[in-house]
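Keep the picture open while you read.

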Amino acid sequence: MPSPHAFVVLLGTSRLSLVPGLSGAGKTPEDTWNTPRRDAALVSGRGQNPPCLTVAGVTKAMSALTAITPLFINAGCAGNLAVPAQVLSTIPAGDPRSGPSVPDAETIVRNATETGATLVENYHTLWLGECIPGGTTHALCILRALGIGGRVSSSSVKESGIAKEAVWEGVRKRCPDICSLRGTDLIRETGDPVMAATLGFIQGFPGEIVLCGGTQMLAVAALAGDTKGQVCCAMTDLVWRDPAADVAHIADTVGIPVTVAPVPARFVREPSPSRACIGRVKEGFGAGGALAMAHRHGFSEDTIEAALADVIRQE
């Protein structure tokens, strides 16, 4: 008998993560395109556990604890994946300053809508996580086009807000009517393929949907509009209270209920021993949603903490 919960992770890449200073989700800008593949391999048991807790490690641990195996979907991820994944698109997001960033947005939304409609045959709750380096810059552009202010979160160790806003200014110059666009049309011009897939799932899945993530998922919630209480959001406390971002303000403006899932303090090390460790990276790969899902299944804080410790390589 299948679990009534489906945990789906959307994998994508964006040319914006190749721009120095916009994303910290890799050793170098070029390495950011390896991150979705690397993290998916880790979660599926095909990669070596890191020496610290990572967002992908959180999802791996909570997947094992709840016995809910994540379903991977390629939504614009470049290169070959080492895990089985349904393909919605293999075209990475483009730089929206030079042209539409998701030229196949309509196709992605339509196919994700159809996929969402089939999932309801076995599941009543859909948890949607994401991994797309560069996605917070696309999210900022979507939010600005919708008239929503506030700083977005970032995995970059350096202040990236000015660089992200510069991308938005470039989008406005290329597409002067950008603020009049909505839905799929807006995603096509300045969003990313993961956003297109998420919007399609919202349109196709009639059950409860939990968007697992920070500003990227809040941007999609803003695009979706009034979902009659069907959609909520779950994220880690680290991104919710990030002093460098205005996540709570954005969530309040969007008007979506948010579950804030705490990351046990023992795993947040300062200074961070690696760029990938949780704390430096505050959300991603559905980590906050995975923690919230474990809480919903009734697991105690001690049990959750022990499961998280199990995915850290001892050296």
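Two strands pair if DSSP finds at least two bridges between them. Helices (H or I, at least four residues) and strands (E, at least two) are DSSP runs, numbered from the N terminus. This is a predicted model, where local features need pLDDT of at least 70 and side-chain atom pairs count only at pLDDT 80 or more, while totals for chains, interfaces and linings use all residues. Residues are numbered from 1 along each chain as its sequence is written, and side-chain values use heavy atoms, with hydrogens and water left out.

**The sheet**

Seven strands make an open sheet with parallel pairing, in the order β3-β2-β1-β4-β5-β6-β7. β3 (85–89) and β7 (258–261) sit at the edges with a single partner strand each, so one side of each has no neighbour in the sheet. From one strand to the next, the twist averages 25°. Strands of a sheet pair through backbone hydrogen bonds, either parallel or antiparallel.

| Strands | Bridges | Residues opposite each other |
|---|---|---|
| β1 (residues 5–11) and β4 | seven bridges | V8 and L128 |
| β4 and β5 (residues 208–212) | four bridges | T125 and E208 |

Now zoom in on β4 (residues 125–131). Is it enclosed or open? Seven of its seven residues are buried, so β4 is largely enclosed by the rest of the structure. Buried means under 20% relative accessible area, exposed over 50%, and partly exposed in between (1.4 Å probe, protein chains only). In a regular strand the side chains alternate between the two faces of the sheet. In β4, T125, W127, G129 and C131 point one way, and L126, L128 and E130 point the other way.

**The cores**

A nonpolar core is a set of buried Ala, Val, Leu, Ile, Met, Phe, Trp, Tyr and Cys residues joined through side-chain atoms within 4.5 Å. The largest one here has 61 residues, and L126, L128 and L211 touch the most other members. A second, separate core has 40 residues, including L11, L238, A292 and I304.

Contact means heavy atoms within 4.5 Å. Leaving aside neighbours within four places in sequence, L211 is in contact with several residues, among them L128, M217 and I256. T236, found in β6, counts as buried because its relative accessibility is 0%.

Helix α5 (residues 161–174) has 14 residues and reaches 20 Å from first C-alpha to last, close to the expected 20 Å. That expected span is 1.5 Å times one less than the number of residues. Which residues of α5 are buried? They are K164, V167, W168, G170 and V171. These cover an arc of only 160° around the axis, which puts them on the same side of α5; the arc is that of the directions from the helix axis to the C-beta atoms. What covers them includes α4 (135–145) and α6 (183–190). The face turned away from the buried side carries the exposed I162 and K173.

Most residues other than glycine have a negative phi, and most peptide bonds are trans. A67, in the loop between α2 (55–66) and β2, has a positive phi of about 60° although it is not a glycine. K228, in the loop between α8 (215–224) and β6, also has a positive phi of about 60°. A67 counts as exposed at 64% relative accessibility, and K228 counts as exposed at 71%.

Terms used. Axes are lines fitted to C-alpha atoms, for helices over the stretch in contact, and angles run from 0 to 180 degrees between N-to-C directions.
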